[in-house]
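Hi everyone, thanks for making time.

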Amino acid sequence: MVCEMETDQIEEMDVEGLSSMWPEDVGTQADNQFNVGDSDTLKEVDIAEKHTMADLTRLPELMNTTDQGSSQLTNLVRQWEYMQDHAVRLLREELKILTRQREEAEAKELKIIEEHNFESQEPENVPVLDETSHLFRRFRQKKRDELVDRERVVIDEEFDTVAYWKQKALSLEKMLEASTERERRLIEKLNESLKTMESHSAPVEELTQNLKRAEGFLHFILQNAPIVMGHQDKDLRYLFIYNKFPSLREQDILGKTDVEIFHGGGVKESEDFKREVLEKGKASKREITFETELFGSKTFLIYVEPVYNKAKEKIGINYMGMEVTDQVRKREKMAKLREDNAVRKAMESELTKTIHITEETMRAKQMLATMSHEIRSPLSGVVGMAEILSTTKLDKEQRQLLNVMISSGDLVLQLINDILDLSKVESGVMKLEATKFRPREVVKHVLQTAAASLKKDLTLEGNIADEVPILVVGDVLRIRQILTNLISNAIKFTHRGKVGIKLQVISQPSFANEEQKETSVWICCDVYDTGIGIPENALPCLFKKYMQASADHARKYGGTGLGLAICKQLVELMGGQLTVTSQVNAGSTFTFILPYKVATSDDHSDDQDEFSDMVDHHQPEPDDTTEGYFQFKPLLGSIYSNGGSVTGNNFLPHKAMLTTPLKLTNGFVSDPSSNTGQSETVQVENGGYMDESRQNCCPESAHQYGNGNGRCSSKESESCSSSQASSEMESELTVSSPREEEKTETEVKETSQPKILLVEDNKINIMVAKSMMKQLGYTMDIANNGVEAINAVKDSSYDLVLMDVCMPVMDGLKATRLIRSYEESGNWEAAIEAGVDIKTSENDQACVPPTNRLPIVAMTANTLAESSEECYANGMDSFISKPVTLQKLKQCLQQYLQ
Amino acid sequence: MDALVAQLQMQYRNYTVSLYQQGFLDDQFTELKKLQDDASPDFVAEVLSLFFEDCVKLIGNMARALDQTGTVDFSQVGASVHQLKGSSSSVGAKRVKGLCITFKEYCEANNYEGCVRCLQQVDIEFKALQTKLQDMFNLEKQIIQAGGKVPQVDIN
């Protein structure tokens, strides 16, 4: 009961709710010894004496043999000695008092004797303490005087009478009696003092008392402290333990080491720690977490100090452990909380930063996209004009400069297209189309296109595994874009050997998501080359934007550095993966894996639309759908064709061959926003159309430029000399010579007299233009404004329209728009809506829809950059800047009338 | 006789060059000359007379439009200026063309004073050009009368 109260109290006092170090239920189960011990403890507190759970026989031994022990003993002895000294001093003082009293008595006696002439011959009393004898004498002298004064016997009888002597004798007797009495009492007192002195002189008993008190105090403090104390010898065997684990008996602990007693985590550590302290001879503290079967997981703060004997030799350690499990737990909890807090804060700041960056990035991207778009429009005008310019009469240097201009312009255009593409993918605007297509055809066409512009001695090959489905569904435009990009990349970095595409079906890759797992067939596409390869350290940044393998490469090979980034993004957008392996000087292989849905092959409608422009309707090629291997070898020197096709198929129809791949690529890339297959097809068709016409006229025109140049220079030199020499003959020559040549040209063309319509309101311009046309051997119809032009176009079919832009009634742009609208819809409703008075007669044969796109060339007096874009935007094919010259007109006609 | 022809030719050449150098004419005039051949021997003269007629008519139009006491219809003036610009550009009347460009800007800016000033200058310029070209044609005629041939003048 008392015990319970005690613990209750302690628990109440313990603010932190500190529990006992040892589990509470252990003792009851273990044995009674613990309970007994506990109640004993309480008793011991009361009586300040404790039954320690220690080896009592060893403890004194320990005290005797160790430094600390001996110093404590010394302390006790010193204390005792001090007490003894004190007692001696007290006794001495008392003795002094007694001595004085005796002196007084003696002095009185002496006086009496002197007074009564009782001369005694006996020697002076020798003081008890010899050493103080002269002091004593002095005192005696003094006291004697005092005494005489003070205690002089007063006798009222007459001196020297009997009565007087009697009286005197009587009083003296009395004094003597008193003196004797005093002496007796003093002796008694002295005896008493001696007795007490004797009792004080028993130190052992006192020491024991003190020790007991100290011990009691210590026990009182320590018994409920979560502290275990012990002493271990050099071998770390316990010699003494206090507050051991309750279920262990002393014999279980004493004489054993930690390792022998406990098992589990921390035991070894603590043992090692103790040993370390023992070796180093330096006290230290450490926190050790024990994980034992006996008392579970507890953390102790252990203090260990080495113990030396008197010879300063280590004989063991004292060790004190304090259980700090809860504190450690709390501390760890706090640390964890703090850590969590810090992490959360860091994450928050990171997040806000990311959000900020994302916003910034989005804004920047948006701006980039907008800017790119804004740049693209005028730039395409510049490039277009430069291309037109390149078809004009130029000397060698001018042509070189122009070529640089065009290629730079193309590069910038490509870059802008790439940027637009990329920002579309990144902003998630880009949508994927699911169209049916034949992978074999795609590969073939990509290679064909590449072969057409190949200027190196490379073999291009395509290898498609048999199991690749004939028809699959995917975004063929993007896939082509990727393939074209990778192939042109491969060709760019390959100087000999081959470049190829390999298609094969693979099992579902690990990165496939649930959705993809359903109906897909996974096709792995390798684009390999035998080129310069990529060093391993450049691989990581290969797919990064604006990065190339190295600055050297960028300088040497050019390019925007966006191609691969776009490829990667596109592939990832389609749920695939793009990887690369490479070996320097041996080649690179770009591999992309994409999921496709397999289409049933009986529905060909989609994909024929897709490629009708490419394969040129002329003849069906039955092999095409299943053929698994293509090879293109350019015949250098001739116009780059695929004459060496191993399969013998006419893969590269003339028309396709002449189509420049760059233009086609541009056709693809230039307007990714038009996502429908339809418009894309139109786009390609247009591109093809324009290029084709340009290409077609190219060899011829080049020839003519040759002529023109030759003629021109001769004319120049002649006229020059003529002006200097002012010779009549020469001037005659100069006048006649160019004319004749032009006439011969004209005659050739007159065989196929094309119909030309000039739409112009200025009479003088008409006159000039007409005259020029005449000189070039053409005649033409005239319309004075847009409305007249529309009516003229409606009534007869023209091969070319030259359209002034700025005209009264209706300007050239609007007229062109309406004509284009008619071409698309087959009717003139748009024109009628616009208020054009169409002179319709229902049975007019011209009402049949047009078969071809009518080339309309603008004639504009405005500055080039300003209105070229406007012209293109309104459906014009090209333009001539005013004033119209013979040369410009001739080029225009050559371009559109061949 | 030959000496006379040669002298006239020399004079003609110098005169033509001076017209170019003084900025009355530009390459387009050369173009125009190229178009003149045996089939149309008076082509340049025809075009130019048409041009001058046009000028008179257009300048008259502009003057009338600008002479309005009330609000001036600048777009109407602008249309005439545009016409004149096109014509002058076609014949290579460089100074007139240049003036037209400025004139047009004034029109677009609805700058009445600028327009009037330009109109006056255009009138002066076109008349000056007319005189110069008349002189040139006269020279040509003299050369032909003297039995010579009008030389091709290379401006560069």
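So, how much area is buried between chain B and chain A? It's about 2,500 Å², and carbon and sulfur atoms give 54% of that. Buried area here is the accessible area, taken with a 1.4 Å probe, that two parts lose on being put together, summed over both.

Quick housekeeping before I go on. This is a predicted model, where local features need pLDDT of at least 70 and side-chain atom pairs count only at pLDDT 80 or more, while totals for chains, interfaces and linings use all residues. Residues are numbered from 1 along each chain as its sequence is written, chains are lettered from A and ligands numbered from 1 in the order in which they are written, and side-chain values use heavy atoms, with hydrogens and water left out.

Back to the interface. Chain B puts in 30 residues and chain A 26, with contact meaning heavy atoms within 4.5 Å. The rule finds 0 salt bridges across it; a salt bridge is a side-chain nitrogen of Lys or Arg within 4 Å of a carboxyl oxygen of Asp or Glu.

Which elements of chain B give two or more residues to that side? They are α1 (2-21), α2 (27-35), α3 (43-66) and α4 (74-91). The largest share, 8 residues, comes from α4(B). Helices (H or I, at least four residues) and strands (E, at least two) are DSSP runs, numbered from the N terminus. Chain B as a whole has 6 helices and 0 strands.

Now stay on α4 of chain B, as B:H82 lies there. UniProt, in an unreviewed entry, places "modified residue: Phosphohistidine" at B:H82. Mind that UniProt positions are given in the numbering used here, feature names are shortened, and annotations may be inferred rather than shown by experiment. B:H82 counts as buried because its relative accessibility is 15%; buried means under 20% relative accessible area, exposed over 50%, and partly exposed in between (1.4 Å probe, protein chains only). Leaving out residues up to four places away in sequence, B:H82 touches A:C806 and B:K104.

Over in chain A, there's another UniProt annotation, again from an unreviewed entry: "modified residue: 4-aspartylphosphate" at A:D804. That residue is found in strand β17 (residues 800-804). Is A:D804 buried or exposed? It's buried, with a relative accessible area of 2%. With residues up to four places away in sequence set aside, its contacts include A:D761 and A:K882.

B:E140 is buried, at 10% relative accessible area.

In chain A, A:R853 and A:D877 meet at 2.8 Å, N to O. Both sit in loops, 24 residues apart. A:R853 is partly exposed at 32%, whereas A:D877 is buried at 9%.
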